[in-house]
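Walk through this model one piece at a time. Keep the sequence and the 3D view side by side.

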Amino acid sequence: MTKYIRKSDNIASKIQDEIVMVNVTLGNYFSMNAVASSIWELLEKPQSIDALCSALMEEYAIDLETCQREVHDFIAKLTELNVIETVD
Amino acid sequence: MNVEKHIDELNLLLELLSNKPQIRESVNQDVFMQLIADHRVISQVAPHIEKLDSNALRERINASHKHNKITQLGLLKALTEIHHCFDGIPFIPLKGPLLSLQLYNDPAERTSRDIDILIDAADIDTAIDRLRALGYECLTHYQSPKQKQAIIRYFHHLEFFHPQHKTLVELHWRMVPFASVDFSFKSTMEHAHLVALGSDSFAVLNKVTQLHYLSVHGCFHQFFRLQWLMDIRALLDHFSEQELEEALQQFPETRRFVLVALGLCAEELNYSFSTTVNSLIRDDKRVKSFVKRCQKDIRSNYSDGRYTIIEGRLEKMLRNHRIHYFGGGMRGLFRNLVARNVRPANWKFFAFPDAVFFLNHLFSRLIWIISKLKS
């Protein structure tokens, strides 16, 4: 099962339940809402999509299928932005 | 600007910063936001906005807080670039994102306008070359060895500016501008801590040196910005009573600066200290007198967009001399008088040659007139 982890060249700062972040290598800035911030914080350690969904479903009222679809899309976006990487 | 008109807004700010439960309202919101900006305390105010009744004010503070965070991340990116470029040059970032990380566990919590870097004086030329390679322009001009020597002797940093991303960098070879206070770079580096930020590691001041440094820096400015006091207040939370008493003994030459900072924390932020520390503050008349000066400056800081702390030139000059006398006694005062005649900005228009360099000190006023005519 593929696991993902955030890259170390991102520096984030919390503001209430959001995160603003800069990738110091690419020079890009990001802002994440509360749910995205939760995922980002979980990605401090290697996580599979299933593990992320399990954690999110404990915190938010969401069904498994919707959660998997949205987390999958979000992980794809983070991969495209080059701020996370896969680990074995 | 008569700040007495804005005393309600300042008192509200101080109440929020000292975490008082009972908060007054009915303030001018524009003035209040300007005061927060002038004192650079948006991050310290933001956690207390639930005490405010006005939704509009809470929203403004939140928006300003977020904007500040993004700005700080920009500075952090610039600092990281410098860190990579300075490979082989030992340096310590002063204040800025690393202090923010140390105090608030968040590198973008403090408000900084520039990047301060401390290096060994022997590395100045190499550091200048590296910053120029990154695109920074040196704002302090020198054209001869004697001019450079004078700058290194009488000042404590050079300023650089990046024309594209508008970042200001201060390259320090001395931590503070007081002649009587000299933190050895070698010793400071030996006792520094390594802090991880992103994929990089930075040397930062240990908490005792940090306390002394921030106190001296604050005193140099008579603590006119509350941010500097709030930084010290946050740092004090990392000390036990005994550690604080020991810290006061570690650098005897900067002890009175720390006592001023502690005295201000007690007066303005209701911070409590041990009986021993309170006695030290109370028993030093110079410290008590300087605390009162700083309190006056705190209450004078309101800008309408630019600083207007000092109303008159005479008061400005007296303030400058008073700070240097507190910092270095008569020797500090004399050195400041000499340094005031060292004006590198004028030398690009006219300067006596190195062979008679002392004439640049003697005729600094003439050189100033010539530079004004030429510019």
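B:E81 and B:K77 form a salt bridge, with their closest N and O atoms 2.8 Å apart. A salt bridge here is a side-chain nitrogen of Lys or Arg within 4 Å of a carboxyl oxygen of Asp or Glu. The two residues sit four residues apart in helix α4 of chain B, so about one helical turn separates them. Helices (H or I, at least four residues) and strands (E, at least two) are DSSP runs, numbered from the N terminus. B:E81 is partly exposed, at 28% relative accessibility. B:K77 is buried, with a relative accessible area of 16%. Buried means under 20% relative accessible area, exposed means over 50%, and partly exposed lies in between (1.4 Å probe, protein chains only).

A word on the basis. This is a predicted model, in which local features need pLDDT of at least 70 and side-chain atom pairs count only at pLDDT 80 or more, while totals for chains, interfaces and linings use all residues; side-chain values use heavy atoms, with hydrogens and water left out. Residues are numbered from 1 along each chain as its sequence is written, and chains are lettered from A and ligands numbered from 1 in the order in which they are written.

Stay on helix α4 of chain B, where B:Q72 lies. B:Q72 is buried, with a relative accessible area of 1%. What does B:Q72 touch, not counting residues up to four places away in sequence? Its partners are B:A108, B:R110, B:T111 and B:S112. Contact means heavy atoms within 4.5 Å.

Helix α4 also holds B:R60. The side chain of B:R60 meets that of B:D30 in a salt bridge, 2.9 Å from N to O. This pair links distant parts of the chain: B:R60 is in helix α4 of chain B and B:D30 is in helix α2 (residues 29-39) of chain B, 30 residues apart. B:R60 is partly exposed, with a relative accessible area of 34%.

Now move to B:K95. This residue sits in the loop between β1 (91-94) and α5 (96-104) of chain B. B:K95 is not a glycine, yet has a positive phi of about 50°. Is B:K95 buried or exposed? B:K95 is buried, at a relative accessible area of 13%. Its side chain meets that of B:D116 in a salt bridge, 3.6 Å from N to O. Over all chains, the whole structure has 14 salt bridges.

B:N270 also has a positive phi, near 55°, and is a residue other than glycine. B:N270 lies in the loop between α12 (255-269) and α13 (275-283) of chain B. At 47% relative accessibility, B:N270 is partly exposed.

Turn to chain A. Chain A has three helices and five strands. From the N terminus on, its elements run β-β-β-β-α-α-α-β. The C-alpha atoms of chain A fill a box of roughly 35 × 35 × 20 Å, taken along the principal axes. With 88 residues, a compact globule would have a radius of gyration near 12 Å, and the 12 Å of chain A agrees. That radius is taken over C-alpha atoms, and the globule rule is 2.2 Å times the number of residues to the power 0.38. Buried residues make up 41% of the 88 residues in chain A. Among contacts in chain A with a separation of 6 or more, residues 24 or more positions apart account for 50%.

Finally, bring the two chains together. The contact takes 17 residues from chain B and 17 residues from chain A. Chain B and chain A bury about 1300 Å² between them, 68% of it on carbon and sulfur atoms. Buried area is the accessible area (1.4 Å probe) that two parts lose on being put together, summed over both. B:K66, B:L73 and B:K77 supply 40% of the area that chain B buries against chain A, more than any other three residues.

How many salt bridges cross the interface of chain B and chain A? The rule finds one. B:K66 pairs with A:E18, the closest N and O atoms being 3.1 Å apart. Helix α4 (residues 55-85) of chain B gives the largest share of the side of chain B that touches chain A, 10 residues.
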